[in-house]
Amino acid sequence: MDSDDEIEIIGERSSRPSCAQAGPTLCQLCDLNFDSENLSELQRQQHYETHFNSSSSKQPSNKFKKPAIPKDLFKPCSFQLPLRKKPADEFWYPTLSRPPPDNCCPGLIPLLKHALKKCHTKGNTRRAVLCYESATHICVEAFDRRWGCGYRNFLMACAALMDQQIQTIYFALLDDPFPPGVRNLQRWIEAAWKEGYDREGAKDLRNLVDTNKWIGTAELYTAFTFRGVPSQLVDFDLSKSEKGIQVMIDWIVQYFSPPNSKQGTVTDVLRGASPVIATDKMPLVLQFNGHSQTIIGYEISKNGDTNLLVFDPSRPPRLSMRRAAIAGPSSVVWEQSRTNQVLQSVVHPTSNRRSSKLKRPSSSSDIQQHKRSKSSGSDNDIIIVEDSDTPRNDQGSGISPGQTQLLTLDPSNVVNHFRLGTRKLQRKQNYQILYFPMTDSWSIEERNKRKVVTSISCG
């Protein structure tokens, strides 16, 4: 057979499996049913020639046109792919009724205050001053672990500003039209840029929303100014000062220290005499190359050195510390010396009188899923925590009825967790601090005057 003139049909496809009864004969290219069209073998060859004749634009006639197939016979398969869980990006502040999320820890300032008092009693701390007691530690989460320190410091500042009672208008300014958050802060900043704020920062960062770009105290200043909350930037160049890091330390001490007043109430006098006090000062945001932290106060050690006390967004408190902070210092107890333990056992013997020793959990698993069972208002009380998984009867528990498991905290470990010493601070030459003077909110005119980011130079 001449291949230029004829086409040999070497196989025909059936619409049914080969094991079934023979079905209609179909065109291998367009599935035309040759049987229904009563086409002869010659007509079938002509039909195939129409497909393969590239030199002609002639298409198969309507007589040989493939019949229409209902579209609903070939509906695409739909697969339910698992949705990627979006980060919660939940903002929390102390006056909310719902429990804090896992990355938020309120109550650390009162806990730290009690720990510092214990350290003072032991002679390790001369004096300490802390910020507003409702300040909340907020740490980064998985989605912003590598870039979220600036955002989390912003949220810690907002949590305190929205809880304080000196300037209650700040709450509405920060909560409307949408509350603080990691992604919401990006929207705040871009909205400020569109209004002409910080043109230099807008040029450097460009698009910010839904990105992983780092921000610093300059961007926080822009966000707070845009909302009308007064704030101020202070620069410290240690290379230009003979006193070095002491310039910044002195400024921080002066910021947190209560004003000296010759006349005052009895409460003021007693408060000033206390070695450890909490003030109504808002926390500070400390920015340096590569990181930022929230300063919550300072401590003067037994040798006279001044240590900063900080909330680091990249360093969450230990689980036992978080539980103690949320439960409150009145329901949590400090680890004591052997002498104090003996005295405590005499004054407050255990209910079963079998043992008067303080027992520590043997492992981290022993302190999981605890609930508070007893509280007392004394600074020297022991923190008694009952394990919720412990059986209520004697069978297999190893603890008789009325006996409780103790969770103890070492005050030195608590203070060390928040302590930032001078040696670490001396590793950097340039610092910037954002602080809140707590003055009246800024009007639109006052905000417009501050569209360009400025700072005060110290040292």
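Let me start with strand E6, which spans residues 284-288 and is mostly covered, since five of its five residues are buried. Please keep in mind throughout that what we are looking at is a predicted model. In a regular strand, the side chains alternate between the two faces of the sheet. In E6 both of these faces are covered, with Leu284, Leu286 and Phe288 buried on one side, and Val285 and Gln287 buried on the other.

What does E6 pair with? One partner is E7, which runs antiparallel to E6 and is joined to it over five bridges. These two strands form a hairpin with two residues between them, and in the turn Gly290 has a positive phi of about 95 degrees. Another partner is strand E14, residues 430-435, which also pairs with E6 in the antiparallel sense, here over four bridges.

As a general point, side chains of opposite charge can pair when their charged atoms come close. How many salt bridges does a search of the whole structure find? The search finds seven, and I will take you through some of them.

In one of them, the side chains of Glu299 and Arg419 meet, with an N to O distance of 2.9 Å. This pair links distant parts of the chain, with Glu299 in strand E7, residues 291-301, and Arg419 in strand E13, residues 419-420, so that the two residues are 120 positions apart. Are the two partners buried or exposed? Glu299 counts as buried because its relative accessible area is 0%, whereas Arg419, at 28% relative accessibility, counts as partly exposed.

A second salt bridge joins the side chains of Arg152 and Asp144, at 2.8 Å from N to O, and here both residues are buried. This pair belongs to a network of salt bridges that links Glu141, Asp144 and Arg152.

Glu90 and Arg98 also form a salt bridge, their closest N and O atoms being 2.8 Å apart. In this pair, Glu90 is partly exposed because its relative accessibility is 31%, and Arg98 is likewise partly exposed, at 35%.

Now I would like to turn to a charged residue without such a partner. Arg183, which lies in helix H5, residues 182-194, is buried yet has no salt bridge, and the nearest side chain of opposite charge, that of Asp210, is 4.2 Å away. What does the side chain of Arg183 make a polar contact with? It makes one with the side chain of Gln186, at 3.1 Å. If we leave aside the neighbours within four places in sequence, Arg183 is in contact with Asp89, Phe143, Trp147, Asp210, Thr211 and Asn212.

Finally, let me step back to the chain as a whole, which has 14 helices and 15 strands. Of its 459 residues, 43% count as buried. The chain exposes about 26,500 Å², and carbon and sulfur atoms supply 49% of that area. Among the contacts in the chain with a separation of 6 or more, 70% are accounted for by residues 24 or more positions apart.

Definitions and conventions
Residues numbered from 1 in each chain as written. Predicted model: local features only at pLDDT ≥ 70, side-chain atom pairs only at ≥ 80, totals over all residues. Heavy atoms only, no water. Buried < 20%, exposed > 50% of the residue type's maximum accessible area, 1.4 Å probe, protein only. Contact = heavy atoms within 4.5 Å. Areas by Shrake-Rupley, 256 points an atom, 1.4 Å probe, with all protein chains shown as cover. Salt bridge = Lys/Arg side-chain N within 4 Å of Asp/Glu carboxyl O. Lys, Arg positive; Asp, Glu negative; His and termini not counted. Polar contact = N/O pair within 3.5 Å; in protein donor to acceptor, adjacent residues only side chain to side chain. Pairing = 2+ DSSP bridges.
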